[in-house]
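I opened the notebook to look up a few local features. The entries below follow the order in which I checked them.

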Protein chains: 2
Amino acid sequence: SQEGKSNLERQYFTSYEDLGVHLEMIRDVSRTNTYRLAILKSFDKIAGKVVADIGAGTGILSCFCVQAGARKVYAIEASSIAEKAKEVIIQNKMDDKIEIIKGRVEEINLPEKVDVIVSEWMGYSLLYESMLNSVICARDKWLKAGGWMLPSSAHIFIAPFTDDSVQQERVDYWKKTADLYGVDMSCLVPHAKKSLTNHIQIELIEDCDLIARACKCIDLDLNTVQEKDLKQIQGRFHFDCFGSDKLSGFVTWFTTAFNSVDPDKEPVLLSTAPSSQPTHWRQSLMYLEDSIDVQQGTTLEGSVTLSPNPSNARFLDVNLRFTIDGKDEKSNVYQLNDGLP
Amino acid sequence: SQEGKSNLERQYFTSYEDLGVHLEMIRDVSRTNTYRLAILKSFDKIAGKVVADIGAGTGILSCFCVQAGARKVYAIEASSIAEKAKEVIIQNKMDDKIEIIKGRVEEINLPEKVDVIVSEWMGYSLLYESMLNSVICARDKWLKAGGWMLPSSAHIFIAPFTDDSVQQERVDYWKKTADLYGVDMSCLVPHAKKSLTNHIQIELIEDCDLIARACKCIDLDLNTVQEKDLKQIQGRFHFDCFGSDKLSGFVTWFTTAFNSVDPDKEPVLLSTAPSSQPTHWRQSLMYLEDSIDVQQGTTLEGSVTLSPNPSNARFLDVNLRFTIDGKDEKSNVYQLNDGLP
């Protein structure tokens, strides 16, 4: 229902009212410093120009843009944290350059077009929260032809992994109650396993737990991606396993790239890979019901499809399909909803 | 509104559908083993008798009661976890003795009176979730005269503490962004402090951080306490500080006692004190806006008042009042709502 929808939206924005959420994001040094670096390095594109900051939160990215020389920044924020952002920009004497606009991108207007759009819109598994839709909307409404997107692209990686620690902790515990307390609860194992294998687990994993070379399976060009593309995004993967291992499942993570103004230079990269500094996004683990023995050269081929959950578009469904050495097709849907850590 | 209320109630029971919540409780060894011990030690009261288990969850306490010789256990559970409890009792071949009843105590009937009521009803700060009301309702509806309550009493303790680690992490971080990122966000400190000092923090604290001997301030006798008593429960405290310290705030915790069948014997105690094995309830910290210097013999006197939040009776408001050496009365209300860890 429309009413149900607007309730969900209210809940979504309310979750950003609490300063604790912003603390978690700002003290994610990898996130905040990469944005800072990317913005300062985009000096040539930003100096003297007009910027829109989509989902400005406490306003820190808008401040970075002023430090990079922006003439004007429209800091758009739908939640009441906008009032705190106002204080931050006054404290930093940037209130002559940054204009806080409290509202939803879809519902407001700007007095002018902008040269640059900056936004930290990424959720768990990249697309949880569906905030990218609002960035696309802002781009189509306000970005000048030839304008600059920060970040400019996003990429999802996938790899097979071996790690049964989460499984042991959340599923196998039910086998231990007979010994611990004299009551056998092992009949709950299938239920716990179902819960584990029906939901994406947001956890940190070690790079050494990957059992094949990771594969980039999805590329989003933020200059061109359309809202309709996000209704269902599919990527394909192919792995040749390193050696004898137990395949526990597949893990995804993402990177976002901030193109360099000089096309010959490498983009600045924000990486949430297991080999990178841990971020608050951690990684997205999809466990199989039962682990599978693989050997050196075993091939795992398949696809991963991300789509918004039909009943709450800010939740995410991920459909995983794969074969082992071309046989034995398996398929499962993993949800990412609000039972989050 | 009545509808709003029943929505809140639905949400409350839905939160117990997920097996993860039950896992957290069952692997709290202090909790589960103390209940087990207390039930097995109550053999004389339980053997051959009829028991009601209020909020049975996965059914483990009902199983303990059968192990203690219960002739019949009514396991009452309003959430859908009741179906899992059914599987557990079948697996343990106790389905001839345990009857799972899916429903709310307030709305169902039992075919007979019971000799014993067992329940693990305690929430954060003891009374968060207000589940005790349902236990009282069950007692008044079904417990025979002279029946046995497990636990039989509950007690809230309070102590002044010194510990600014939470404050440093959540409040003082905002002073660091100027150095870290070149954007001064120290104007957010008062907001972060307000959030810290308006909410009970559920954290573990070390016994050595207490700066005076703890004081038992509230006693609830589960045989006699009435629902109306829970509308507002007040306890008083008096502390003589150990020595020179910074008072950061006050911490509460609770114990529940399971009386021994033999009145000369000590009750079995479930303690959530800082000096006890940590439990999933941790402790309840109430921070002051600014820490206060105290000396050896400084007296802190006052009261703590717990009441259900007027807009959601499962949330808790705690009113703290105190004086320092008889002067300087301070007062603050701390909320415990669903922004929980």
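**Entry 1: a residue in chain A**

I listed the contacts of A257(A), leaving out residues up to four places away in sequence: P151(A), S152(A), S153(A), H155(A), P267(A), V268(A) and L269(A). The model is a predicted one, which I keep in mind throughout. I placed A257(A) in strand β10 of chain A, residues 245-258. Buried or exposed? I looked up A257(A). Its relative accessibility is 4%, so A257(A) counts as buried, the cut-off being under 20%. I also checked L270(A), which is 13 residues from A257(A) in sequence. The C-alpha atoms of the two are 6.4 Å apart.

**Entry 2: a sheet in chain B**

I traced an open sheet of 4 strands in chain B, ordered β9-β13-β14-β15, with antiparallel pairing. β9 (233-240) and β15 (327-336) of chain B are at the edges; each has a single partner strand, so one side of each has no neighbour in the sheet. I noted an average twist of 15° from one strand to the next. Between β13(B) and β14(B) (residues 316-324) I found 9 bridges, the two running antiparallel. I looked up S307(B) too: its bridge partner in β14(B) is D317(B).

**Entry 3: cavities**

How many cavities of 30 Å³ or more does the structure hold? I found 4. I listed its lining as L127(B), S130(B), N133(B), L230(B), L306(B), S307(B), P308(B) and L316(B). Strand β13 of chain B (residues 299-308) gives the most to this lining, with 3 residues.

Conventions: Residues numbered from 1 in each chain as written. Chains lettered and ligands numbered in written order. Predicted model: local features only at pLDDT ≥ 70, side-chain atom pairs only at ≥ 80, totals over all residues. Heavy atoms only, no water. 1 Å grid on protein atoms, 1.4 Å probe; cavity = no way out; pocket = protein on both sides within 12 Å on 5 of 7 lines; lining within 4 Å. Points joined across faces, edges and corners; volume = space filled by probe spheres on them. Buried < 20%, exposed > 50% of the residue type's maximum accessible area, 1.4 Å probe, protein only. Contact = heavy atoms within 4.5 Å. Pairing = 2+ DSSP bridges. Axes fitted to C-alpha atoms, helices over the stretch in contact; angles between N-to-C directions.
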